[in-house]
Amino acid sequence: MSDTTEEERREYARRLAAEHLESGDPLGWFEPLYSAAERGEAVVPWAHLVANPYLVEWAGGRTGGGRSALVVGCGMGDDAEHLSGLGWAVTAFDVSPSAVGAARRRFPGSPVRYVAADLLAPPEEWRQAFDLVVEAYTVQVLRGDLRARAIRTAGALVAPGGTLLVVARAREDGDPPGRIAVPLTRSEIDAFATGGLRAVRVRDVYDDETPPVRRWVAEFARA
Ligand SMILES: C[S@@+](CC[C@H](N)C(=O)[O-])C[C@H]1O[C@@H](n2cnc3c(N)ncnc32)[C@H](O)[C@@H]1O
């Protein structure tokens, strides 16, 4: 596939997603995508190999001091490594074992604990266990009931006194969904404030991509 264009390789990811969604296997496309990327046969469209700028902004000036952080749907590991560098004790997980393997290979010797796990069925000991939970762009690739469950579960992993940071693409209720990501509506963002979490700040921002992309950057806290 080395003579294919970037756009053709992106289209491969979209087709893989569509095929699995149509066949009722909504989580089944992440692993083949990451493993095809490892072989140079696909690109992972969201893997920019830098930490999320909204996480970098949020974390700036707050040292981890050994507190625990959990990175949801960690992909290639950049957000996890950023927090680790700021002194957080980081666990990072992804449903794709190949993503986890790629993160481990990119950051040999990293103190981050990379784990293959499913946000929809996390290990029991993760419940209310993390001082910081970071969810960037995972919920938006889930649909329907899975999305509602993922929203509830992400919040359930935040420890008493802890924080949930959510970054997601944003849309109005009537806007058309995308083919891979379905941006979140305001009511979906508000739904993170459940099970003892309260919204601290919900920002509706446009970044400087061309054309600009609208996103939610939202912080929630557990008393
Ligand atoms: C759009 S990507 C975002 C990756 C990364 N957070 C980033 O910002 O670059 C969504 C990630 O979530 C992972 N993922 C999807 N469903 C998941 C689930 N149920 N549990 C854990 N990870 C999941 C995918 O494998 C993928 O790495």
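Residues are numbered from 1 along each chain as its sequence is written. In this predicted model local features need pLDDT of at least 70 and side-chain atom pairs pLDDT 80 or more, while totals for chains, interfaces and linings use all residues.

Start with the domains. The protein chain is assigned domain 1 (1–45) and domain 2 (48–222); such bounds come from an automatic or database domain assignment. Their C-alpha centres lie 22 Å apart. Between them, 14 residues of domain 1 are in contact with 18 residues of domain 2 (contact means heavy atoms within 4.5 Å).

Now take two helices. Helix H2 spans residues 30–38 and helix H5 residues 97–106. Helices are DSSP runs of H or I with at least four residues, strands are E runs of at least two, and both are numbered from the N terminus. The axes of H2 and H5 come within 7 Å and cross at roughly 40°. Axes are lines fitted to C-alpha atoms, for helices over the stretch in contact, and angles run from 0 to 180 degrees between N-to-C directions. H2 and H5 are therefore oblique to each other (under 35 degrees is roughly parallel, over 145 roughly antiparallel, 65 to 115 roughly perpendicular, the rest oblique). H2 brings Glu31, Tyr34, Ser35 and Glu38 to the contact; H5 brings Pro97, Ser98, Ala99 and Arg105.

Next come the pockets. On a 1 Å grid over the protein atoms alone, a pocket is an open set of points where a 1.4 Å probe fits, with protein on both sides within 12 Å along at least five of seven lines; lining residues have an atom within 4 Å of a point. The largest pocket has a volume of about 1300 Å³. A volume is the space filled by probe spheres set on the points, which are joined across faces, edges and corners. This pocket is lined by 49 residues, with Pro45, Trp46, His48, Tyr137 and Gln140 nearest its centre. Both domain 1 and domain 2 give residues to the lining of the largest pocket, so it lies between them.

The second largest pocket has a volume of about 180 Å³. Its lining includes Tyr34, Glu38, Ser98 and Arg105, residues that also belong to the contact of H2 with H5. H2 and H5 are the elements that give two or more residues to this lining. Domain 1 and domain 2 each supply at least three residues to it.

How values were computed. Heavy atoms only, no water.
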